[in-house]
Amino acid sequence: MTLIRIDKDIITLINVFTVDPSKQQQLVDALIETTKQVWRLQDGYVSASIHKSKNRKRVVNYVQYKGKDAFDRRLDNPEAIVRMNKILSMSKADGHLYDVVFTDTKN
């Protein structure tokens, strides 16, 4: 389960992919498959959440790692590079690293 909390040891990548609406589900499937078969098996991976826009033009990937070093090592795996190249062949990515500074949950 994804838990978003203020934690200086966790780094968050929020990646917004712009995609042709006809390829949105294909992109979502590729991101889910890559998460299950590559990212989650790597040291330092914490969680991922994938969101698709209602207009089918964007997919957002919210991924957490245990620090910047773990994040930087994620592409050391050759399979990760092949899969990311496939993902980027069907979309344009705009990703940035973030620290969580506030959360609020109503129980």
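In helix α1, the buried residues are Gln24, Leu27, Val28, Ala30, Leu31, Thr34 and Thr35; buried means under 20% relative accessible area, with a 1.4 Å probe and protein chains only. Seen down the axis of α1, these buried residues fall within an arc of 165°, so they line one face of the helix. The arc is taken from the directions from the helix axis to the C-beta atoms.

Before going on: this is a predicted model, where local features need pLDDT of at least 70, side-chain atom pairs count only at pLDDT 80 or more, and totals for chains, interfaces and linings use all residues. Residues are numbered from 1 along each chain as its sequence is written, and side-chain values use heavy atoms, with hydrogens and water left out.

Helices (H or I, at least four residues) and strands (E, at least two) are DSSP runs, numbered from the N terminus.

What does α1 pack against? Its buried residues pack against β1, β2, β3, α3 and β4, where contact means heavy atoms within 4.5 Å.

Now the sheet. Four strands form an open sheet in the order β2-β3-β1-β4, with antiparallel pairing; two strands pair if DSSP finds at least two bridges between them. β2 and β4 stand at the edges with a single partner strand each, so one side of each has no neighbour in the sheet. Between β2 and β3 there are seven bridges, and serine 47 has glutamine 64 in β3 as its bridge partner.

Last, asparagine 15, in strand β1. This residue is buried, at a relative accessible area of 10%. Among the residues that asparagine 15 touches, leaving out those up to four places away in sequence, are Val59, Asn61 and Asp94.

Notes
Buried < 20%, exposed > 50% of the residue type's maximum accessible area, 1.4 Å probe, protein only.
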